[in-house]
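Hello,

Here is the structure for you to look at. My notes on what was found follow below it.

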Amino acid sequence: MLAVIAAVLSAATRDDESGARLFEEQRYPEARTSLEAALRRNPGDAGAAGLLGRVFYEENELDRAVEWLEKAARLEPASSAHPYWLGRALATQAIRGSLVRRAALAGRIRRAFARAVEIEPASLPAREALVEFYLAAPGFLGGSLPKARAEAEAIRRLDPLRGHRAFARIAEHRGERDAATIEYDRAIREYPRSADPWYWMERGAVDRRDWTAAFDAVDRMLRAHPEESAALYELGRLATLSGMNLDRGEASLRRYLAEHRPKDPEPSLALAHDRLGDIELRRGNRTSAASEYEAAVRLDPGLLDAREALGRMRWAGDR
């Protein structure tokens with residue numbers, strides 16, 4: 001009997017480890033199968049439950065993501081990761097929902113991120129999520145500029161680099177572009193080995209639809225960090241968003257697909273195919289666009305943008 005129990009526990013451990021590895025490699029359908037097997041053997045495995053919730057989050061099955069992340073949080077109440085990812089899943093539901101839905105979810109989102117911080121006060125992702133919540137939510141739903149600043153101060157004490165980002169986000173929210181630029185410039189100057197400030201600067205430019213500044217940030221990042229493969233994906237993303245530099249965007253994405261094997265949280269190969277589909281669609285090459293979207297969905301069946309693009313094209317008779 002002891003040998004049987006040991007074999008079951010060993011198999012569950014192998015499934016759990018395999019699921020984690022597959023998740024990191026962004027092979028989400030296979031990760032889901034492995035993690036579900038681990039949970040059938042051991043329904044109390046909080047780590048597998050939380051990771052399965054994250055798989056469903058990546059596959060855009062948000063109701064199931066919330067269900068499993070809530071279960072993981074109950075099974076392992078001392079882990080800050082579960083409420084943090086629960087907050088992420090709820091926030092995505094809110095973003096995609098109606099105003100009524102957003103209002104209904106606001107309290108749960110805030111409580112999830114606050115719980116993650118309560119469990120682990122040094123959790124930078126959870127504190128950054130609270131900054132974003134306090135900036136985005138209206139006051140009657142818990143939004144608060146003073147609370148956002150308090151979280152930014154805490155982040156700066158924990159990690160001065162990410163503190164620059166937090167205060168830049170507050171400045172951007174207030175329309176204080178010069179103040180945000182000062183924060184990003186200081187981050188670049190003080191932490192020359194990090195590519196992160198360039199990404200932050202680019203995304204701030206995207207938010208205000210300043211495409212020239214966004215491309216410039218990526219170009220400057222590549223000069224400072226030529227090894228930064230994810231910047232190739234960013235060039236493709238900018239091309240699809242702006243309609244500018246489509247040839248360069250395509251070449252960058254194809255190089256990303258050929259040369260890079262991303263791991264979580266880098267942009268996946270499925271996302272690169274999705275962006276190539278967007279570029280082909282902008283060019284009017286609908287057959288080529290559909291082929292790229294199909295490649296994206298084969299790699300990641302839960303990739304919502306690619307699935308919706310294919311649905312629109314099929315409705316129009318392109319496929």
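**Salt bridges, a buried glutamate and aromatic pairs**

E30 is partly exposed, with 39% relative accessible area. Its salt-bridge partner is R27, and the closest N and O atoms of the two lie 2.8 Å apart. R27 is partly exposed as well, at 35% relative accessibility. One point before going on: this is a predicted model.

**Salt bridges**

How many salt bridges does the structure hold? The count is 28. Side chains of opposite charge can pair when their charged atoms come close. The pair of E30 and R27 is one of them. Here are two others.

E153 and R156 form a salt bridge through their side chains, at 3.1 Å from N to O. Both residues sit in helix 8 (residues 145–158). They are three residues apart there, so about one helical turn separates them. E153 is partly exposed, at 33% relative accessibility. R156 is partly exposed too, with a relative accessible area of 35%.

R254 pairs with E292. In this salt bridge the closest N and O atoms are 3.2 Å apart. Which parts of the chain does the pair tie together? R254 belongs to helix 14 (residues 246–259), and E292 belongs to helix 16 (residues 286–299). The bridge therefore ties together parts that are 38 residues apart in sequence.

Are R254 and E292 buried or partly exposed? R254 is partly exposed, with a relative accessible area of 35%. E292 has a relative accessible area of 11%; buried means under 20%, so E292 is buried. The pair also belongs to a network. Salt bridges with shared partners join D247, E250, R254, E280, R283 and E292.

**E183 and its surroundings**

Next, look at E183 in helix 10 (residues 177–190). E183 has 12% relative accessibility and therefore counts as buried. What does E183 touch, leaving aside residues up to four places away in sequence? The residues are H164, F167 and A168. With H164 there is also a polar contact between the side chains, at 2.8 Å.

For a sense of scale, take E183 and L39. They are 144 residues apart in sequence. In space, their C-alpha atoms are 45 Å apart.

**Aromatic pairs**

A pair of aromatic rings is described by the distance of the centres and the angle of the planes. There are six aromatic pairs in the structure.

Y57 and W85 make up one of these pairs. Their ring centres are 5.7 Å apart, and 65 degrees lie between the planes. That arrangement is edge-to-face. Y57 is in helix 3 (residues 46–58) and W85 is in helix 5 (residues 81–96). The two residues are 28 apart, and their pair links distant parts of the chain. Both Y57 and W85 are buried.

The rings of F133 and Y134 are also paired. Their centres are 5.8 Å apart and their planes meet at 70 degrees, so this pair is edge-to-face. F133 and Y134 are both buried.

**Where to look**

To view these sites in turn, start with E30 and R27. Go on to E153 and R156 in helix 8. Then take the network that includes R254 and E292. After that, find E183 and its polar contact with H164.

Best wishes

Note on methods
Residues numbered from 1 in each chain as written. Predicted model: local features only at pLDDT ≥ 70, side-chain atom pairs only at ≥ 80, totals over all residues. Heavy atoms only, no water. Salt bridge = Lys/Arg side-chain N within 4 Å of Asp/Glu carboxyl O. Buried < 20%, exposed > 50% of the residue type's maximum accessible area, 1.4 Å probe, protein only. Helix = DSSP H or I, 4+ residues; strand = E, 2+ residues; numbered from the N terminus. Contact = heavy atoms within 4.5 Å. Polar contact = N/O pair within 3.5 Å; in protein donor to acceptor, adjacent residues only side chain to side chain. Phe/Tyr/Trp six-rings, centres within 6.5 Å; stacked < 30°, edge-to-face > 60°.
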